[in-house]
Amino acid sequence: MTINSKIFRTSTFRLAAIYLILFAISVSAVLGYVYWNTVGILERQTDETIRAEVQGLSDQYRLLQLAGVVDVVKRRMEEGGGSIYLLVNDKRERIIGNMDMLPSVAMGEPGWIDFPISVGKAGTRQRHTGRAYHAPLPGGYTLLVGRDVEEQRLFGMTIRRAVGWALGLAIILGLGGGWLLSRNFLRRVDAITATSRTIMAGDLTQRMPVSGSEDELDRLAQSLNDMLGQIERLMTGMKEVSSNVAHDLRTPLTRMRARIESALRSDDAAGHRQALEKTIEESDRLLSTFNALLSIARAEAGHSREGLAETDAASIVHEVAELYEPIVEDAGGRLTLDVDGEIPVRADRQLLAQALSNLLDNALKYGAGGNTEGTSVTVTARAEDGMAVITVADNGAGIAQQDRTRVLDRFVRLDESRNKPGNGLGLSLVSSVMKLHNGSLTLGDAMPGLLAKLELPLLVETRQPA
Ligand SMILES: Nc1ncnc2c1ncn2[C@@H]1O[C@H](COP(=O)(O)OP(=O)(O)OP(=O)(O)O)[C@@H](O)[C@H]1O
Ligand SMILES: [Mg+2]
């Protein structure tokens, strides 16, 4: 299909065509009204005057016979002004008038006639159009009264021509405008179609063209672009996860395989046993990595919020803190809990508990760092400015300002913690869980130590009035 035949099928062109038809009808109506009020009025006035004159002359004939009519006509003729008079007898011979003879069209029934006349002196004669009324007078006479209507005819012609031009121009401009508009529209739609083809072919970096006019096509392109951005982010995230998983699982698996292989080669029973124990340890670590990755994937999966339910954040904090208290105390540390009342939120209990456990796990792992009094962990939870705020603070070395965003990424572990077990997935999961809850994780300074702060929107209670 050529671009031109496509243009005629666009909705823009159809709209333009409908608009054009309506416009042409209203322009015709306006111009018709103007014509009727100018040319029409002039013609009707002329006819009226002629008719009145014929009436006057007929009355004159009845009162004063032929002589009266001749008298009046003679006077009128002297006044000039483009009037035409002719009075003939039954033999069609002129009695008086400024025409030589009755025009041939004046035969037959009395009434209106238009006929050619010649005006001016000999040598500069011009043909004009005359309009007259002819009527018989008693006694076989015929009276013709008329006007030179050449000027009116020219005026009418001028107006008709102007109306014709105006209409023609309106139609040409309308068609041209419609064509241009549709072509522009079609070009942009074609550009969007072409871009979407490229994207479907696999190039996710492409974006729909936006003209900047902020019209409906722009808005459409903009939201398509937003959608593409979201898809691209998800795809990149997925690619990252899978390459990270592949990378992170390959090393322990290879290590495990090598250990089993060397154990098989030796005959030492104690060695076999040790290798099996190490293998179990390694597979536990692999399992925990898998679980963490699955939890992150679950928290990030299209922001599926179906798992969220009305729940009390304070009770989750209590539960998790109770679980960790003996572990902290066994390590010679102290866990302080500061929670009051209920904190209603919409949350996935399991994920929120997992997030909190990750923070406590870190506090326990990195908290004692160089501190002789042992680990001290403080957990607080309160409702504040429409938000549920949960903090976990320790007394360790903390995280330097410049690393506080970086550690939220998957598999990031700081150099000073290389000697401790871990995958670098804990904070990443906390951050994903908070995003799922429309909340946030911020890392700060507990002076000394790390202050991790979780914030999520409070559930506004909508109690029915009793
Ligand atoms: N409370 C803390 N004090 C000091 N450093 C911390 C603390 N919490 C986390 N970090 C630093 O941030 C890094 C990332 O923490 P994250 O919890 O994501 O991973 P991890 O604890 O190393 O491993 P995982 O939690 O997956 O077992 C840690 O390796 C550590 O270097
Ligand atoms: Mg951790």
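My entries follow, from the whole chain down to the ligand.

**Entry 1: the model.** I noted at the start that this is a predicted model.

**Entry 2: the whole chain.** I looked up the secondary structure and found eight helices and 12 strands. Next I checked how spread out the chain is. Its radius of gyration is 51 Å, whereas the globule rule gives 23 Å for 466 residues, so I wrote it down as more spread out than a compact globule. The box that the C-alpha atoms fill, taken along the principal axes, came out at roughly 160 × 65 × 40 Å. I also looked at burial: of the 466 residues, 22% are buried. For contacts with a separation of 6 or more, I found that 62% are between residues 24 or more positions apart.

**Entry 3: one residue in a helix.** I picked Leu173, which lies in helix α3, residues 150-200. Is Leu173 buried or exposed? I counted 12 other C-beta atoms within 10 Å of Leu173, and it is exposed because 12 or fewer is the cut-off for that class. I then took the distance from Leu173 to Glu329, which is 156 residues away along the chain, and got 88 Å between their C-alpha atoms.

**Entry 4: domains.** The domain assignment gave me domain 1 (11-155), domain 2 (216-301) and domain 3 (305-457). I was curious about the last pair, and found the C-alpha centres of domain 2 and domain 3 to be 23 Å apart. How many residues of domain 2 are in contact with domain 3? I found nine, and they meet 11 residues of domain 3. On the domain 2 side, the elements giving two or more residues are α4 (216-265) and α5 (269-300). Of these, α5 gives the most, with seven residues. By class, I sorted that side of domain 2 into four nonpolar, three polar and two charged residues.

**Entry 5: around ligand 1.** Which residues are closest to ligand 1? I listed Asn362, Tyr366, Leu414, Gly422 and Gly426, out of 24 residues that surround it. Two or more residues of the shell come from each of α7 (349-366) and α8 (426-436). The largest share is that of α7, with four residues. In terms of class, I noted 11 nonpolar, 11 polar and two charged residues in the shell around ligand 1.

Key: Residues are numbered from 1 along each chain as its sequence is written. Chains are lettered from A and ligands numbered from 1 in the order in which they are written. This is a predicted model: local features need pLDDT of at least 70, side-chain atom pairs count only at pLDDT 80 or more; totals for chains, interfaces and linings use all residues. A residue is near a molecule or strand if its C-beta atom, placed from the backbone, lies within 6 Å of it. Ala, Val, Leu, Ile, Met, Phe, Trp, Tyr, Cys and Pro count as nonpolar, Asp, Glu, Lys and Arg as charged, and the others, Gly among them, as polar. A residue is buried if 20 or more other C-beta atoms lie within 10 Å of its own, exposed if 12 or fewer, and partly exposed in between; C-beta atoms are placed from the backbone. The radius of gyration is taken over C-alpha atoms; the globule rule is 2.2 Å times the number of residues to the power 0.38. Two residues are in contact if their C-beta atoms, placed from the backbone, lie within 7 Å. Domain bounds come from an automatic or database domain assignment.
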